[in-house]
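Reader: I would like to go through a structure term by term. For each label, I want to hear the value and the cut-off behind it.

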Amino acid sequence: MSYLGEALVTARRARGLTQGELAQAAGVTQAALSRYENDQREPDAAVLEKLAKALGVTVAFLQTAGRLRGAMAIDVHMRRQATAKPTVWRQLEAKLNMYRMHARHLFEDVSIKAEQRIPTFDPIDVDPHNAARLVRMQWRMPVGPVRSLTKWMEAAGCIIIEEDFGTPRVDGLSQWIGEHPIILLNSRVPVDRKRLTLAHELGHLCLHTSYVSDTIEQEASKFAAEFLMPGEFIKPQLRNLNLGRLIDLKREWGVSMQAIIERAADLGTLGPNQRTNLYKTLSARGWRTREPVSDELPEEQPILPRNIGDAMMAKGLSAAEIASIAGFGDSAVHPFEPLRRPLRAVR
């Protein structure tokens, strides 16, 4: 069974190209490209080379991408606003699928020795709150706020890639690469939203690997709230909330003021009228769209993708060879590129 057509469609969407634009770049008609994408005809070697170059990948990647796991375009979990344009999230979904397949190619040459693992639960048996508690227990996390969430997740073998989505309406998306998950994170959003998105996607990975319901977004959000703000420890701090208190709690727990308000309402320390009044106050100050002190929170900086590149370079591979193994084109910029160390003069 050929997966070339599916690989072409996914790679084209990831690059944000229309069928006509890719056809023009490859010097073929749109009708011909349509047949290639629908596996009705195979391009000759010269055309395939041009298609790969236009898509920023290698020929070998296009020829083998789908064979590594059933289908190239696998559904992903995605944290997005209802107003996000379908064209935007479809492109991001395609990008994540591309990164998943690039990583699978790399994993044929390097393996990740994770200190922890991301456990999976059946949400029928384990509710989101208990799932979050179990993950924290299994990872032996200290009580209270989660420091350096990215480091905890990378220690569990999670590949986190951060890039600008071009819109603030999609925060992140995730899926599995065999035994390891991958998360694509929007660099455009503030740190507090990144942290909530990471915890939200972790909830999806733990709860929705093989089980899907109509309430998966709510379940992931409940998981994230308990994971980042365990009720047992934060509840006593959520009484008599005001703006000053919300700012202090945001600094301490590393989550948005709005997330703290929702947590207080969920835990029963904030009544409906108080909740409404706090949101009105936030709106009056313009804080519903841009909260204060977000820039004071420590950055969540993924390092595992580059560490994979460094590990491969340590094995004697060049940056060009690493890119080729992963299936990236010659001029492609990618997150697995090893950190280039400056040369030192030798006397």
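This is a predicted model: local features need pLDDT of at least 70, side-chain atom pairs count only at pLDDT 80 or more; totals for chains, interfaces and linings use all residues.

Reader: What makes the overall size of the chain agree with a compact globule?

Author: For 347 residues, a compact globule would have a radius of gyration near 20 Å, and the chain has 22 Å, so the two agree. Along its principal axes, the C-alpha trace spans about 70 × 60 × 40 Å. Buried residues account for 53% of the 347 residues. The exposed surface comes to about 17,400 Å², with carbon and sulfur atoms supplying 48% of it.

Reader: How many of the contacts join residues at least 24 apart in sequence?

Author: The share is 68%, counted among contacts between residues at least 6 apart in sequence.

Reader: Why is Thr58 called buried?

Author: Buried means under 20% relative accessible area. Thr58 has 18%, so Thr58 counts as buried. Thr58 sits in the loop between helix H4 (45-55) and helix H5 (59-64). Beyond its neighbours within four places in sequence, Thr58 is in contact with Ala52, Ser324, Gly327, Phe328 and Gly329.

Reader: Why is Gln81 called partly exposed?

Author: Exposed means over 50%, and buried means under 20%. Gln81 has a relative accessible area of 35%, which lies in between, so Gln81 is partly exposed. Gln81 is in the loop between strand S1 (77-80) and helix H6 (86-106). With neighbours within four places set aside, its contacts are Pro168, Arg169 and Arg193.

Reader: What is the largest nonpolar core made of?

Author: That core has 51 residues, and those with the most contacts inside it include Ile118, Trp139, Met153 and Phe223. Among the elements that give two or more residues to this core are helix H7 (128-138), strand S4 (180-186), helix H9 (191-207) and helix H10 (216-228). H9 gives the largest share, seven residues.

Reader: Which residues does Ile118 touch?

Author: Residues up to four places away in sequence are not counted; Ile118 then touches Trp139, Ala156, Cys158, Trp176, Pro181, Leu202, Leu205 and Cys206.

Reader: How do you know that the buried residues of H7 line one face of the helix?

Author: The buried residues in H7 are Pro128, Ala131, Ala132, Val135 and Arg136. Seen down the helix axis, these buried residues fall within an arc of 135 degrees, so they line one face of H7. They pack against H9 and H10.

Key: Residues are numbered from 1 along each chain as its sequence is written. Side-chain values use heavy atoms; hydrogens and water are left out. A nonpolar core is a set of buried Ala, Val, Leu, Ile, Met, Phe, Trp, Tyr and Cys residues joined through side-chain atoms within 4.5 Å. Buried means under 20% relative accessible area, exposed over 50%, partly exposed in between (1.4 Å probe, protein chains only). Helices (H or I, at least four residues) and strands (E, at least two) are DSSP runs, numbered from the N terminus. Contact means heavy atoms within 4.5 Å. The radius of gyration is taken over C-alpha atoms; the globule rule is 2.2 Å times the number of residues to the power 0.38. Accessible areas come from the Shrake-Rupley method with a 1.4 Å probe; for residues, only the protein chains shown count as cover. The arc is that of the directions from the helix axis to the C-beta atoms.
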